[in-house]
Amino acid sequence: MSAPLVDIRNVSHRFGQLPVLKNVSLAIEPGSYTILLGPSGSGKTTLLSILGGFVTPSEGKVFIRGADCTAVPPAKRPTTTVFQDYALFPHMSVGGNVGFGLRMQGVDGAARAAKAREALALVGLAAAFDKKPHQLSGGQRQRVALARALVVEPAVLLLDEPLGALDLKLRRQMQDELKAIQKRVGTAFIHVTHDQEEAMALADHCVVMNDGRIEDEGPPERVYARPATRFSATFMGESTILAGTVTEAGNGTVTVSTAVGPISLPGAPPAGAPVALAIRPEHLVLGEVKSDVALGTAKVGDVVFQGSFKRVLATSMQDPALQFIAKAPASATVQAGDTIPVSCNAQDIILLAD
Amino acid sequence: MRAAVRFAAWVYAIAVYGFIFLPVVVLVLFSLQATSFPIPPFTGPSLRWYQAVLSDARLTSALVNSLLVAVLSSLASVTLGFLSAWGFARFVLPGSAILRGLITLPLTVSYLIIGMGLLVLFNWAGVPKSLLAAGIGHVVINLPLCFAIIYSQMGDHQINIERAARDLGAAEWKVLLMITVPVMAPAIFAGFFLSMTFSWDEFVISFLLTRFETTLPVEIWNLLRSGLNPKTNAVGSLVFAVSIVLVVFFELTLLRRKPA
């Protein structure tokens, strides 16, 4: 496991004059489930197309299993893609679709059918072998596309927003199945999505992209708890962002002056540095101050009941530009129009360079 | 008043359809004449003139020639039309819109002009008048048609299907033969049958570009020079029947909607 399975080195890409990827480097480990997460236009789909061989990057190199694959056409590289629109062959049966890759490798009919049936059984569609794609539902077509891509045993499976066309309930269900199938086959999956819940549920390794760059990458727990940048703090889950300036620094502790007063917390930036403090909704405490950092008072704008909790939006009385996003227990009595104190614990504050 | 309007509408409809179809009805009716002149009174029905047509070696060989030219020129038209449509749909070409306009331009040029142009060109290039020359002429008129039909049906949604095939290891020619052609089959068949229809009863180009062996419409014209008789009606009816069959095939293949 010394060399990574996929090694993307300093890849940049432009469509005409428009730069879509700016010096991206990324390593993918064997057997991992990697999520490329980002808003539309962040370059995540272009990066996937470069991995699949559909786009040759303007600069940089892509190594797969140690071999330079930068300009190798899709047919000749050890990757397969599950397309967003599934791209099943409409004139072939489901079995014909799944067996297509093996047919291209020259596998004979009987062995092909056996392997195709096996792959269909893996995705829970053993009975659909003789059906035509148009006879299947969206979720079933998705599974056929997955079986078709997996049956040729690629080194890396690429998934382009595979759950985007499904309704919410089916999406959550397919999400669990994807993870289970990935664990069973052990193939590295690289999955593009803009859905951060999907990312947190599936990823071993989460790559947050914005504007052609990788903002943050790591295990989703780490990316959520300690995001590296302001973008990743707001895109991967919600955060309240407090802008401020470091006034005192030393002994691993800094004091930051903000619109709601000075806040002391662990950190290393030098005095005078502009910083942003991010606080996750579940770490904000509403009501009587019991935690160590007071964040002033706020006027509650909106309370949305979400079943297991209430989502509270409140505007700071000290700085009207500051919006608190908090998660209150379902039993909380807070109401729109209330003015309440807000606080949090220093260790829960995420210190970001601004 | 209302009844009068309805009556007028019916009369109008019958007049219009009569105007369109009466010549064909008369042609077919008098091809069944039992006596020697295709004029009233109707003396049939009799198949004697059809028998005369089918035992006339010149007419039957012209019929075979026509079929041969129609099938081969349509195959060439549909193949070339498909490849150019695929090229325009899948690759970014400089001046794509102008080139597409140019390729469909022969649709607006009269057959007479195309026939004369080919006659001059073949004369200059030393290509003798022949069925091959007429077939090439039919490709000139039918290729733009096949291109237009196939190009109009070649949408972006097939791009990912082709990509998927490539991704699974298919070489480019396999992608074309195993994926694009079957997916485009309705448009390809429609182009083929429409080309067949146009080639089958095309007269001017065949007349200008053939000499000894010729196609059925030219042979009918030769026959007409010696005056009308029920035999010309019979062979005309045969041509018409084949055209109808081809048009029906065209409609069936193009208009058949596949379940999504």
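Q: Before the domains, where do the domain bounds come from?
A: Domain bounds come from an automatic or database domain assignment. This is a predicted model, where local features need pLDDT of at least 70, side-chain atom pairs count only at pLDDT 80 or more, and totals for chains, interfaces and linings use all residues. Residues are numbered from 1 along each chain as its sequence is written, and chains are lettered from A and ligands numbered from 1 in the order in which they are written.

Q: How is chain A divided?
A: Into domain 1 (6-234) and domain 2 (238-353). Their C-alpha centres lie 38 Å apart.

Q: How many residues make the contact of these two domains?
A: Domain 1 of chain A gives 6 residues and domain 2 of chain A gives 7 residues. Residues are in contact if their C-beta atoms, placed from the backbone, lie within 7 Å.

Q: And the classes on the domain 1 side?
A: The side of domain 1 of chain A that touches domain 2 of chain A has 2 nonpolar, 2 polar and 2 charged residues. Ala, Val, Leu, Ile, Met, Phe, Trp, Tyr, Cys and Pro count as nonpolar, Asp, Glu, Lys and Arg as charged, and the others, Gly among them, as polar.

Q: Now chain B. How many residues of chain A are in contact with it?
A: 18 residues of chain A are in contact with 16 residues of chain B. On the chain A side, β6 (79-82) and α2 are the elements that give two or more residues. The largest share, 3 residues, comes from α2(A). Helices (H or I, at least four residues) and strands (E, at least two) are DSSP runs, numbered from the N terminus.

Q: Which classes are on that side of chain A?
A: It divides into 10 nonpolar, 7 polar and 1 charged.

Q: Back to α2(A). At what angle do α2(A) and α3(A) cross?
A: The axes of α2 (residues 94-104) and α3 (residues 109-122) of chain A cross at roughly 120 degrees and come within 9 Å. Axes are lines fitted to C-alpha atoms, for helices over the stretch in contact, and angles run from 0 to 180 degrees between N-to-C directions.

Q: Which residues make the contact?
A: Among them are Gly95(A), Val98(A) and Leu102(A) of α2(A), with Ala116(A) and Leu120(A) of α3(A). The contact divides into 6 nonpolar, 2 polar and 3 charged residues.

Q: How about α3(B) and α9(B), what angle there?
A: In chain B, the axes of α3 (residues 57-90) and α9 (residues 185-200) cross at roughly 140 degrees and come within 8 Å.

Q: Which residues of α9(B) take part?
A: They include Phe192(B), Met196(B) and Trp200(B), and α3(B) gives residues including Val71(B) and Phe82(B). The classes are 9 nonpolar, 8 polar and no charged.
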